[in-house]
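Q: Here is a chain to go through by question and answer. What do its labels rest on?

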Amino acid sequence: MSDSQARFLAELVRTPSDNPPGDCAPIADKAAVLLEKLGFQVERHPVPAGEVVAAGMVSLTNLVVRERFGEGPVIALNAHGDVVPPGLGWSSDPYGAEIRDGRMYGRGVAVSKSDFATYAYALLALKEAHVESRLPLAGTVELHLTFDEETGGELGPRWLLERGISRPDYAISAGFTYGITTAHNGCLHLEVEVTGRSAHAARPQGGADALEAATAIMGDLYALRKQFATRRSKTPGIDAPTLVIGLVSGGINTNVVPDSVKFRLDRRVIPEEDPQRAEDELRLALEASAAKWAGIGCRVTRILLARPLAPVPGQEKLVAAIQRHARDVLGEDIQPGGTPIYTDARHYSTAGIPTVLYGAGPRTLEEANGHRADENLVLEDLRKATKVVARSLAELLGQTGAAASGIAP
């Protein structure tokens, strides 16, 4: 890997882009300047302030780079630059981009600022091969660099696609070096408000205790969760639907019967499931549970519905190209499979675009310490992933495997 690529990534890691709060225009500006220094023309697509605020963010600009090599397929490379806040337990500055023993440490270094570097330098290698070595290519490669993955990606990839800013034939989204993700779970977030009637703690019988009802309702949800274990996914890497109640709030004071309790739940949706049916099931269960309690109301609000990433015809072409070149670069066969997390990649597959996840990183999110202290990336994995992506792009743009293997980022 070139020192230039490591410096490029370090500059991104040193630029905070926590979401929340989601003030992500500065990281977009930084990325655009770095890309322009590499010789790319960068389109800046600011999202209107009203849409940004409605999504719970502060500022947001999407970046698009297009390199056209002739008539042929359009391949989008998508990575997100917003990150979860660092949290506690770091052994070094989470925005320091410190390198120790061949690893770079920092928030977002593996998820997924790394793939800004993977994709940019893979495209740079492709350009150089096309110009300097006269490698004939037919098609277009686009970089889609977005900054709202932590809030669902609605104003990133989906926004670009719905406005016709891009309509690729294939998409590769941020992933890891030693596997190809071909499917992932969807995710449903619901907020449940249980309402009752307040009363003084000295005379609680005059009220309707929203907290007592809410705990029983949550118990019914946990009982339902046990049934999910029988709904097994056929996708390797994905087990069964899950349900987690992650937030609870409510009450008035210690000496008052609570009249309102809210909780939020996360329901993961496996690729074989219909997300709307999963939501309907939960709503019916909540309604039936609340009906057991006199004087208790229950209101359910959808916060998020992220559809699963499901295979789209044509995905196999991406898988075959990446597998072929990964075998040469890594010296091992990497396999397609699924992951229980959800990503921006789903917006491409939902639009009918064959999509996979592949990029720089280890075999699992846990190995990278993704979303927790001491997130890190083995820089050699970045170099290898860049080679694999560059050679796969060359093949997808019309070159034979042998010719594509001649590209060396």
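Predicted model: local features only at pLDDT ≥ 70, side-chain atom pairs only at ≥ 80, totals over all residues.

Q: What makes lysine 234 exposed or buried?
A: Exposed needs over 50% relative accessible area. Lysine 234 has 77%, so it is exposed. Its C-alpha atom is separated by 9.3 Å from that of isoleucine 270, 36 residues apart along the chain.

Q: Why is arginine 267 called buried?
A: Buried means under 20% relative accessible area. Arginine 267 has 0%, so it counts as buried. This arginine is found in strand E11 (residues 260-269). Leaving out residues up to four places away in sequence, arginine 267 touches residues including Cys187, Phe228, Arg231, Glu273 and Glu281.

Q: How do you know that the side chains of arginine 267 and glutamate 273 make a polar contact?
A: The cut-off is 3.5 Å between N or O atoms, one able to donate a hydrogen and the other to accept it. The contact between the side chains of arginine 267 and glutamate 273 is 3.0 Å, so it falls within that limit.

Q: Which strands make up the open sheet, and in what order?
A: The order is E10-E11-E9-E12, four strands with antiparallel pairing. Strand E10 (242-250) and strand E12 (297-306) each have a single partner strand, so they stand at the edges and one side of each lacks a neighbour in the sheet. On average, neighbouring strands of this sheet are turned by 20° against each other, direction ignored. Helix H7 (residues 275-290) packs on the sheet, where it touches strand E9 (186-195), E10, E11 and E12, and its direction makes about 165° with that of E12.

Q: How do you know that E10 and E11 pair?
A: Pairing needs at least two bridges found by DSSP. E10 and E11 run antiparallel and are joined by eight bridges, so they pair.

Q: Why is strand E8 described as largely enclosed by the rest of the structure?
A: Five of the five residues of E8 (residues 180-184) are buried, so the strand is largely enclosed. E8 pairs with strand E13 (residues 336-339) in the parallel sense, over four bridges. Isoleucine 180 stands opposite proline 336 in E13.

Q: How many aromatic pairs does a search of the whole structure find?
A: The search finds two. In one of them, the ring centres of phenylalanine 8 and tyrosine 121 are 5.6 Å apart and the planes stand at 80°, so the pair is edge-to-face. The cut-offs are 6.5 Å between centres and over 60 degrees between planes. Phenylalanine 8 lies in helix H1 (residues 3-13) and tyrosine 121 in helix H4 (residues 114-132), so the pair ties together parts 113 residues apart in sequence. Phenylalanine 8 is buried at 4% relative accessible area, and tyrosine 121 is buried at 9%.

Q: What makes the pair of phenylalanine 116 and phenylalanine 147 edge-to-face?
A: The planes of phenylalanine 116 and phenylalanine 147 make 70°, with 5.8 Å centre to centre. An angle over 60 degrees counts as edge-to-face, so the label applies. Phenylalanine 116 and phenylalanine 147 are both buried.

Q: What makes the phi of alanine 97 worth a remark?
A: Most residues other than glycine have a negative phi. Phi of alanine 97 is positive, near 55°. Alanine 97 is buried, with a relative accessible area of 5%.

Q: Which peptide bond involving proline 21 is cis?
A: The bond joining proline 20 and proline 21 is cis, with omega about 10°. Proline 21 has its place in the loop between H1 and helix H2 (25-37).

Terms used. Residues numbered from 1 in each chain as written. Heavy atoms only, no water. Buried < 20%, exposed > 50% of the residue type's maximum accessible area, 1.4 Å probe, protein only. Helix = DSSP H or I, 4+ residues; strand = E, 2+ residues; numbered from the N terminus. Contact = heavy atoms within 4.5 Å. Axes fitted to C-alpha atoms, helices over the stretch in contact; angles between N-to-C directions. Phe/Tyr/Trp six-rings, centres within 6.5 Å; stacked < 30°, edge-to-face > 60°.
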